[in-house]
Amino acid sequence: MNTLIVGPMYGGKSTTLLQKMERAVYGKKRIALVRPKKDTRDYFTHSAGNELLEKFIKEGKISLFEVEEITEENAMSILDNYDKVFVDEYFMIKNVSLLAKMANEVVTNQDLYFAGLLSTSENTLFPEAIALLPYCDDIIKLLGVCMRCGSDLGNYSMFKGGEKKETIVVGDNDKYECVCRKCYKRVKGTL
């Protein structure tokens, strides 16, 4: 089964992924965690759990792969050797949909989880999200808390630095904030 977990920054995507990894560890599954080399942040989740993930990796219960791109070679290596595959920040990995496509064509009884943003801060869907959608059996859409008004309907990752020159600017709350539709429109001047 392929599951896509999407939502804004601070929506709990990586935390949800970690919860699913923890269950897989307790189920004694062979687990791969695929992360983008481009993600330079020194933590996995904003919530508690970073130490648990580090412990699982150190104990060999989770194998970590940091990649720039999914190729047929690394996809087959991962799919051949792991029961559950977790891909964090999937939108930063080139050709990530190849993993889901190959899993659908070749592998049975395997679970893949892809977590990350659905769109840019300008509300343009990431090409990687569009490419993954046909291969997903389940889509989980999370919301965050609006960092401006406190609403539980935070649906947008808003870039705080003015005009962006790149689609993906890796950062934290120094560069992005989670906002609801009303606050997003207010800041963008459309409300």
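Author: Start with Phe-114. Leaving out residues up to four places away in sequence, Phe-114 touches Thr-3, Leu-4, Ile-5, Val-87, Tyr-90, Val-96, Leu-99, Ala-100 and Leu-132, where contact means heavy atoms within 4.5 Å. The model is predicted: local features need pLDDT of at least 70 and side-chain atom pairs count only at pLDDT 80 or more, while totals for chains, interfaces and linings use all residues. Residues are numbered from 1 along each chain as its sequence is written, and side-chain values use heavy atoms, with hydrogens and water left out.

Phe-114 is also one of the residues with the most contacts inside the largest nonpolar core, which has 32 residues; Ile-70, Val-85, Val-87, Tyr-90 and Leu-99 are the others listed. A nonpolar core is a set of buried Ala, Val, Leu, Ile, Met, Phe, Trp, Tyr and Cys residues joined through side-chain atoms within 4.5 Å; buried means under 20% relative accessible area (1.4 Å probe, protein chains only). At least two residues of this core come from each of strand 1 (2-6), strand 2 (31-36), helix 3 (72-81), strand 4 (84-88), helix 4 (97-106), strand 5 (111-116) and helix 5 (127-132). Helix 4 supplies the largest share, five residues. Helices (H or I, at least four residues) and strands (E, at least two) are DSSP runs, numbered from the N terminus. Another core, of 15 residues, lies apart from this one and includes Ile-5, Ala-24, Val-25 and Ile-62.

On confidence, helix 4 has the lowest mean, 86, and strand 6 (residues 138-141) the highest, 96. The protein averages a pLDDT of 87, pLDDT being the predictor's confidence in each residue, from 0 to 100.

Technical notes. Buried means under 20% relative accessible area, exposed over 50%, partly exposed in between (1.4 Å probe, protein chains only).
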